[in-house]
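Welcome to a short tour of a protein model, written for someone who likes cut-offs spelled out.

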Amino acid sequence: MRPGGERATGGPAATRRGTRVHVVSDVHGNTEALARAGDGADALICLGDLVLFLDYADHARGIFPDLFGVENADRIVELRTARRFDEARAFGRELWAGMDRNAAILGAVRKQYAEMFAVLPTPTYATYGNVDVPDLWPEYAGPGTTVLDGRRVEIGGRTFGFVGGGLRTPMNTPFEISDEEYAAKVEAVGEVDVLCTHIPPEVPELVYDTVARRFERGSRALLDAILRTRPRYALFGHVHQPLARRMRIGATECVNVGHFASTGRPWALEW
């Protein structure tokens, strides 16, 4: 095990037939599918975005329509998709006027976290997405769930590194950080066999969302680390409908696993 790592045996099944890991990202409230995501695997990896604030495919789902109704959800999606962010923020301020925004959102997030963390199998290895609230995770993550951010763990003889969160955008989601802070976490992970992040490396085919019709934020530091350290795999989510779900960068197979909310199917890695 490399310095700074943690060891996980993967259980008796790993000894019999090798190791199988299921990977999910962008769960966005799909608790029913999450409860089955670890079936047949030695471990589950979750790359964040458990919270569903607003479903861009079904505007009736999420915290926002629960509070303000579907018509207002339709409007906010229309403005954001058109990149009219100033108008979207102004519209949001009108809706929130007279309400305790933080209390309303945190109450809804707590309800979603209580449901989703309760169904995570043992062992689960998880990191944060950009719409997650990291300060709440210790309240809900049980002993079978290991939360990692800027850290690594050994599973079945391979080293997995984890970097959570997203980069700053006009959307101002809960866990966005500076490029410098994100790069420091990537650097702290170092050389690994499998690099697990919420956001993708900064490659046009991997960061463009074909439904939202916009480029999401990818990380240049992450791309540089992939080219420099050459992990076997780079796994990520964040972009729900990318131009390319899978591509090779040098020696690394890059895979977008951020389709879980809509498909309910984890991505499997075996060795």
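Rings of Phe, Tyr and Trp (for Trp, its six-membered ring) pair if their centres lie within 6.5 Å; planes under 30 degrees apart count as stacked, over 60 as edge-to-face and the rest as tilted. On that basis, Tyr113, Phe117, Tyr128, Trp137, Tyr140 and Phe175 form one aromatic cluster.

Before going further, a word on the source: this is a predicted model, in which local features need pLDDT of at least 70 and side-chain atom pairs count only at pLDDT 80 or more, while totals for chains, interfaces and linings use all residues. Residues are numbered from 1 along each chain as its sequence is written, and side-chain values use heavy atoms, leaving out hydrogens and water.

Searching the whole structure gives 12 aromatic pairs. In one of them, the ring centres of Phe53 and Phe64 are 6.0 Å apart with planes at 65°, so this pair is edge-to-face. Phe53 sits in the loop between strand 3 and helix 3 (63–68) and Phe64 in helix 3, so the pair ties together parts that are 11 residues apart in sequence. Helices (H or I, at least four residues) and strands (E, at least two) are DSSP runs, numbered from the N terminus.

| Residue | Relative accessibility | Class |
|---|---|---|
| Phe53 | 23% | partly exposed |
| Phe64 | 4% | buried |

Now to the nonpolar cores, each a set of buried Ala, Val, Leu, Ile, Met, Phe, Trp, Tyr and Cys residues joined through side-chain atoms within 4.5 Å. The largest has 55 residues, and Val24, Val27, Leu34, Leu50, Val109, Tyr113 and Tyr182 touch the most other members. Helix 6 (residues 101–118) gives the most to this core, with 5 residues. Apart from it lies another core, of 19 residues, including Val21, Ile45, Leu148 and Val257.

Next comes the sheet. Strands pair if DSSP finds at least two bridges between them. An open sheet of 5 strands runs in the order 5-4-3-2-16, with mixed pairing. Its edge strands, strand 5 (145–147) and strand 16 (267–270), each pair on one side only. Strand 2 (residues 20–24) and strand 3 (residues 43–46) pair in the parallel sense over 4 bridges, and Val24 has Cys46 as its bridge partner in strand 3.

Finally, which residues of helix 10 (residues 220–229) are buried? They are Leu222, Leu223, Ala225, Ile226 and Thr229.

Conventions:
Buried means under 20% relative accessible area, exposed over 50%, partly exposed in between (1.4 Å probe, protein chains only).
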